[in-house]
Amino acid sequence: MSAVAAPQASGYNFAYLDEQTKRMIRRAILKGIAIPGYQVPFSSREMPMPYGWGTGGVQVTAAIIGPDDVLKVIDQGSDDTTNAVSIRKFFAKTAGVATTTETKDATIIQTRHRIPERQLTEKQTIVFQVPIPEPLRFLEPRETETRKLHALADYGLMHVKLYEDISRHGHIATTYDYPVEVADRYVMNPSPTPKFDNPKMHMSPALQLFGAGREKRIYAVPPFTKVRSLDFEDHPFEVQKFDKPCALCAATNVYLDEVVLDDRGGRMFVCSDSDYCEERRADGHRGELSGEAPHLVGGAA
Amino acid sequence: MMAKLNDKPLLSARNLGKHYGQRLGCRDVNFDLYEGEVLAVVGESGSGKSTLLSLLATELPPTAGAVNYRMRDGETRNLFDLTEAERRFLLRTDWGFVRQDARDGLRMGVSAGGNVGERLMAVGGRHYGRIRDTASDWLNRVEIEPERIDDLPKSFSGGMRQRLQIARNLVTHPRLVFMDEPTSSLDVSVQARLLDLIRGLVSELGLAVIIVTHDLAVARLLSHRIMVMRQGRVIETGLTDQVLDDPREAYTQLLVSSVLAA
């Protein structure tokens, strides 16, 4: 999609939400930035999409977006899946802002499940859609108690979970939504991004905002903030490793998706970040299967 | 090996009382507890034993009185003046609480090793291997085979669960352990083994214990001193043997005589 501003639909306030609501959300965001990793309650609004489709992220984006912003929306690393396309269209229609699929051109990136491979910059803000903001949720069912545990920085329980992982699987088997400690204080859920992306959050130059619509929580990691993945001294944090490079663009050290090719066990591993993969292919990088891939995904055939 | 004991009281209750609205929980409770001492609180149900235990463990705010506790740094403080953070820290380092129902004291969805290791991790243990070694050592001490370290407490018998609870509480070497009817849900032979184990650990570690029980046999076997409660008041205190062999109060006499071959 090209970065062409569409005219704003009539009958809506800029970016769908009314100004009072945006103000309330901005206050929550500011508080979140002031207390990195702390979950700020906010009065989440009904959005024209079901819970679980990014209502929290959309509200955060709506509160921070301006007419000059360029929006990119990704879902599982890809710009062309349903969730990404419809949210991008939603803002093109209600705010008339320019949209893009290219990470380098975007000023706001709303994301579900990934952080782009390309290093984000100080000029960018990344907005995460969060289903479950509470890292202690499945360890301690009482919300009153989890709040107390956060207040007292009583996080022994979090390590009990990791202990159980190692005792059952021989290694820490949590692969996504891997808990992190922000600025040496709050333990935070990074939303269901693969743990592969956790190191990107550490000292990121971009502002990171998290919105959970159903749970009515907003939290934030300001630029250049320490983000440490929890681990044990003798079982240090590790990211996923892949045996092969991307089959289309030959990138290594990126997060790969498995794509099933036929019903005879054929499969390939390609970049989950579709923009990054396209960019590399445009630069002339070729993976082992790019010759056979259809032209549509950048192959020769 | 006996731990070195201090001659100042570890915990002392002063005019401690609790009303639930108009209804009396307990009142005017006064006692001193020294290190290495086991105090049994006995009485019929509804006599205020459990209320007293909850007050001492700071689970309930009192309506009157104070509980002074000598902290590890030697300073004596009123437990109800501590901040929430200090109280929680005390609860998971210096204290233990063994519940009547193991399900209240254990995490049933977490393996035995995780249950024992939780306190270690809560006080900053971040080395998996060492946490596991300590856990397996403690399982051994409470007579649970170390091979069962990765089993869930769900698969444990009632007696094993109680022993696991004890291991989980003692792993941080507390100085004071509260026990609320620790043996009453077990059958007689398992009770005897558990009592034996508790008695061994108490003398070995020099633990102070406040044990609430309605079973006078348990009180006789474990405790040095006894406190008899009735209708929210302490009606008789003294050395366990003395009180049980030669009860002064009419109610205590009734209690002692009602036990079958105690």
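Analyst: Two residues are in contact if their C-beta atoms, placed from the backbone, lie within 7 Å. This is a predicted model, where local features need pLDDT of at least 70, side-chain atom pairs count only at pLDDT 80 or more, and totals for chains, interfaces and linings use all residues. Residues are numbered from 1 along each chain as its sequence is written, with chains lettered from A and ligands numbered from 1 in the order written.

User: Which residues of α5(B) does α4(B) meet?

Analyst: Helices are DSSP runs (H or I, at least four residues), numbered from the N terminus. Look along α4(B) for A112(B), G113(B), V116(B), G117(B), L120(B) and M121(B). Their partners in α5(B) are I131(B), R132(B), T134(B), A135(B), W138(B) and L139(B).

User: How many residues of the contact of α4(B) with α5(B) are nonpolar?

Analyst: Ala, Val, Leu, Ile, Met, Phe, Trp, Tyr, Cys and Pro count as nonpolar, Asp, Glu, Lys and Arg as charged, and the others, Gly among them, as polar. In this contact of α4(B) with α5(B), three residues are polar and one is charged. The nonpolar residues number eight.

User: How many residues of chain B are in contact with chain A?

Analyst: Chain A brings 14 residues to this contact. On that side of chain A, five are nonpolar, four polar and five charged. Chain B's share is 17 residues.

User: How far apart are the centres of domain 1 and domain 2 of chain A?

Analyst: An automatic or database assignment sets the bounds: domain 1 of chain A covers 19-135 + 177-229, and domain 2 covers 241-301. Their contact takes 14 residues from domain 1 of chain A and seven from domain 2. Taken over C-alpha atoms, the centres are separated by 27 Å.

Notes. Helix = DSSP H or I, 4+ residues; strand = E, 2+ residues; numbered from the N terminus.
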